[in-house]
Amino acid sequence: MATAAKVGTNFTGVQMSPKDTKRLLDAVNEIHPDVPGDERGMLVERAERNEEADRIGSVPVPGSAKGMLKTGFDMMKGKSPEVFIDKLGERLAFERNGVRLYEAMIAKARNLDTGNDLVGVLQHIRDEEFEHMMLVHAAMEKLGADPTAQTPCADVAGVMAMGIMQVLTDPRTNVPQCLNALLTAELADNAAWELLIELAQAAGHPNIADSFVKAKTQEDDHLVKIKTLMRRDLIMQTK
């Protein structure tokens, strides 16, 4: 298995060409744009684009009578059920992506012949991610929401996961690099479950909040496992 770092012909740093670096710095000081400007132009441009842009989707109106009644009842109590539904949709999307991320990592580990120990840990985490996905699915159905709908936060979660998936499926990456990508996902997942439990309690759904506690405990374990695997591989490479 290739190590995460190897000394080679890397020409990206300025130290590889001191003469060209000096010429570049001289040009920065000598050449000025015809029209001076500052960061205010960029701020104005971004503000205009923000005003023109639509929202990233919406939380769908409940398609069932049960969902309509629950939503109406919560609104009568001064609550905003759409906030909780949006975050449930996000968690569902993230856990679904999590299953796919670990499937990709398992394939990577097998291709690099890392041994059954690593594959076994990855399979265990993948299976629990699937359980978490189904747990959120059941919670949304209990509230009368549509678990097949993509909420705004679910959309964002999918975009966020794309970069991690690209790392895992890149044939050039190795196990330590991929574990680092998974660590990013697990850190976000762990914090999100903590927040989701608080949101469930605030929304007046203590039973749902209690059902999420086990998932949060398992996510704590996932985080420890990935950090341990990553630390082990990197320390072995430095010896």
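Mentor: Let's start with the chain as a whole and then go to the cavity and its surroundings. This is a predicted model, where local features need pLDDT of at least 70, side-chain atom pairs count only at pLDDT 80 or more, and totals for chains, interfaces and linings use all residues. Residues are numbered from 1 along each chain as its sequence is written, and side-chain values use heavy atoms, with hydrogens and water left out.

The chain has 8 helices and 0 strands (helices are DSSP runs of H or I, at least four residues, and strands are E runs of at least two, numbered from the N terminus). Of its 239 residues, 36% count as buried, meaning under 20% relative accessible area, with exposed over 50% and partly exposed in between, using a 1.4 Å probe and protein chains only.

Now the empty space. Rolling a probe the size of a water molecule over the atoms shows where empty space is left. Here, a cavity is a set of points on a 1 Å grid over the protein atoms alone where a 1.4 Å probe fits but cannot get out, and lining residues have an atom within 4 Å of a point.

Who lines it? Among the lining residues are Phe-94, Tyr-102, Glu-129, Ala-161, Leu-182 and Asp-189. Helix 4 (81-111), helix 6 (152-169) and helix 7 (175-202) each give two or more residues to that lining, and helix 4 gives the most, with 5. By class you get 7 nonpolar, 2 polar and 3 charged residues (Ala, Val, Leu, Ile, Met, Phe, Trp, Tyr, Cys and Pro count as nonpolar, Asp, Glu, Lys and Arg as charged, the others, Gly among them, as polar).

Stay with helix 4 for a moment, where you'll find Glu-95. Glu-95 counts as buried because its relative accessibility is 0%. Leaving out residues up to four places away in sequence, Glu-95 touches, among others, Glu-129, Asp-189 and Trp-193, where contact means heavy atoms within 4.5 Å. The side chains of Glu-95 and Trp-193 are joined by a polar contact of 2.9 Å (a pair of N or O atoms within 3.5 Å; within protein, one must be able to donate a hydrogen and the other to accept it, and residues adjacent in sequence count only if both atoms are side-chain atoms).

Notes. 1 Å grid on protein atoms, 1.4 Å probe; cavity = no way out; pocket = protein on both sides within 12 Å on 5 of 7 lines; lining within 4 Å.
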